Amino acid sequence: YRSNLLFLMAYSPDRQSQATYRHEAMQWEQMSLPESARKAARQQTFVVPSLQDRPLRLGILSAEVGQHAVAHFLKSWLPWLDRSRISLYLYPTRSYADDKSQAFAALADVWCPVEDWDDEAATRRIRADRIDVLIETSGHTAHNRLGIIARRAAPVQCHYIGYFASTGLSEMDYFLADGTLIPNCLDHQFVERIWRLPRPWLAYTPLEEAPEPAWRPALDGKICLGSFNNLIKVRETCLEIWARLLLALPEAWLLLKDGRTLDETSRRRIRHALTSRGVSDERIVFAERAATWREHMSQYDRVDIALDTVPLNSGTTAFDALWMGVPLITLAGDHMAGRMGAAIVAGIGKPDWITQDEDDYVTRVVTLARDVVGRTRMRAVQREWMRASLLCDGADLADTLTDVFEQMLRQRTNSLNRAPP
């Protein structure tokens with residue numbers, strides 16, 4: 001239950017929750033583990049043989065190795081690992097009966113589901129496998145097994161990809177990010193040490209099966225501003241900015257697409273927020289559910305400019321929009337969940353799409369909307385930009401992460417001296 005509370009707090013990043021979230025997250029261990037287990041974790045030692053004549057043993061503890069967005073970002077780099085340097089151990093915490101799960105199992109040197117094991121048993125198994133670096137991908141989301149991390153299953157333990165705030169665990173050594181996603185000024189929000197990659201913190205597997213972009217500017221000069229994000233992210237702050245945009249661009253209309261657009265309560269909430277600020281109702285359009293994934297992706301051809309949500313940014317939808325050639329304007333926030341859009345567009349080499357405040361956001365969208373010639377030229381090449389960027393280079397990410405894991409292990413075994421003399 002406390003993980004649910006922490007997830008909701010992280011998903012509601014107002015200033016009050018930001019100030020209290022870290023403290024509340026640190027209470028998870030006290031409420032979830034007895035003192036004896038916490039003491040044993042602090043005292044746990046490991047004998048770590050030199051990597052000179054063996055590959056590093058990488059463990060991934062994940063609830064997402066199946067049909068899940070996180071799986072897409074794991075699959076972008078795992079196949080590229082140099083198996084002379086890495087042995088891969090996967091510990092699924094949730095079962096998926098799908099082809100994607102089977103593909104992950106085929107990648108692993110060891111595939112060991114721990115869904116039916118308690119935390120003590122799973123911890124013992126991971127220790128017995130002599131894992132060097134254990135990556136946890138779930139944070140305080142569904143089916144997480146943070147109790148294994150809290151019991152110290154490996155000499156190096158690190159969170160990556162799946163959560164957007166500190167786990168609060170004293171035994172979580174590192175949190176992988178990059179300098180745009182979590183700049184130095186946000187270190188105080190995390191219990192973990194932030195390890196910043198010298199490149200975008202993740203990679204996107206190009207969706208080659210997606211339809212080719214077919215956008216054309218509207219002949220009547222209309223501008224479609226679109227968001228295909230979860231409507232839970234479309235909140236008052238976001239709608240206030242979007243209302244300003246629509247008033248500044250009389251030729252613009254707003255297209256929203258999400259499974260929740262069929263929910264009349266959500267529609268009423270959004271319509272009221274916009275119309276009460278002077279936006280006419282006919283300029284607000286809710287797209288119907290697409291029959292197929294390809295049809296869904298083709299809907300991006302209707303969008304002239306994608307609007308990132310505030311204060312919680314786009315995730316997978318940002319990548320999808322960019323892949324379909326849509327420019328994305330984002331506002332860099334003061335917490336990790338509000339900086340994902342900035343990290344993504346920086347990764348394709350478009351830092352000019354990152355804005356710093358609401359006025360800047362409005363100005364940038366208006367300027368871009370009226371540059372029809374520039375947008376037309378850009379959309380013809382954006383997918384190729386993206387394909388050639390580090391954001392789509394899983395091989396480079398695999399090499400970078402391998403170097404990082406080796407550095408982490410050296411630091412934890414040498415500097416912190418967890419191994420016995």
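This is a predicted model: local features need pLDDT of at least 70, side-chain atom pairs count only at pLDDT 80 or more; totals for chains, interfaces and linings use all residues.
Most residues other than glycine have a negative phi. The phi of I161, however, is near 80°, a positive value in a residue other than glycine. Because its relative accessibility is 13%, I161 counts as buried, the cut-off for that word being under 20%.

R130 also has a positive phi, of about 55°, although R130 is not a glycine. R130 lies in the loop between α6 (119-128) and β4 (133-136), and because its relative accessibility is 46%, R130 counts as partly exposed.

## A cis peptide bond

Most peptide bonds are trans. The bond from V310 to P311 is cis, with omega near 5°, and P311 is found in the loop that runs between β11 (305-307) and α11 (316-323).

## The parallel sheet

Six strands form an open sheet with parallel pairing, and their order is β10-β9-β8-β11-β12-β13. β10 (284-286) and β13 (354-355) stand at the edges, where each has a single partner strand, so one side of each is left without a neighbour in the sheet. Strands of a sheet pair through backbone hydrogen bonds.

One of the pairs is made by strand β8 (residues 223-227) and strand β9 (residues 252-256), which pair in the parallel sense over 5 bridges; here G226 stands opposite L255 in β9. Elsewhere, helix α12 (residues 340-347) lies across β12 (328-331) and β13, and runs at about 135° to β12.

Which residues of helix α3 are buried? In this helix (residues 35-43), the buried residues are A37, R38 and A41. They cover an arc of only 100° around the axis, and therefore they lie on the same side of α3. On the other side of α3, S36 and Q43 are exposed.

## How α8 and α13 cross

The axes of helix α8 (residues 236-248) and helix α13 (residues 358-370) come within 10 Å and cross at roughly 40°, an angle which means that α8 is oblique to α13. The crossing in which α8 passes α13 is right-handed.

Technical notes. Residues are numbered from 1 along each chain as its sequence is written. Side-chain values use heavy atoms; hydrogens and water are left out. Two strands pair if DSSP finds at least two bridges between them. Helices (H or I, at least four residues) and strands (E, at least two) are DSSP runs, numbered from the N terminus. Contact means heavy atoms within 4.5 Å. Axes are lines fitted to C-alpha atoms, for helices over the stretch in contact, and angles run from 0 to 180 degrees between N-to-C directions. Buried means under 20% relative accessible area, exposed over 50%, partly exposed in between (1.4 Å probe, protein chains only). The arc is that of the directions from the helix axis to the C-beta atoms. Angles under 35 degrees count as roughly parallel, over 145 as roughly antiparallel, 65 to 115 as roughly perpendicular and the rest as oblique. A crossing is left-handed if the near helix is turned anticlockwise from the far one by less than a right angle, and right-handed if clockwise.
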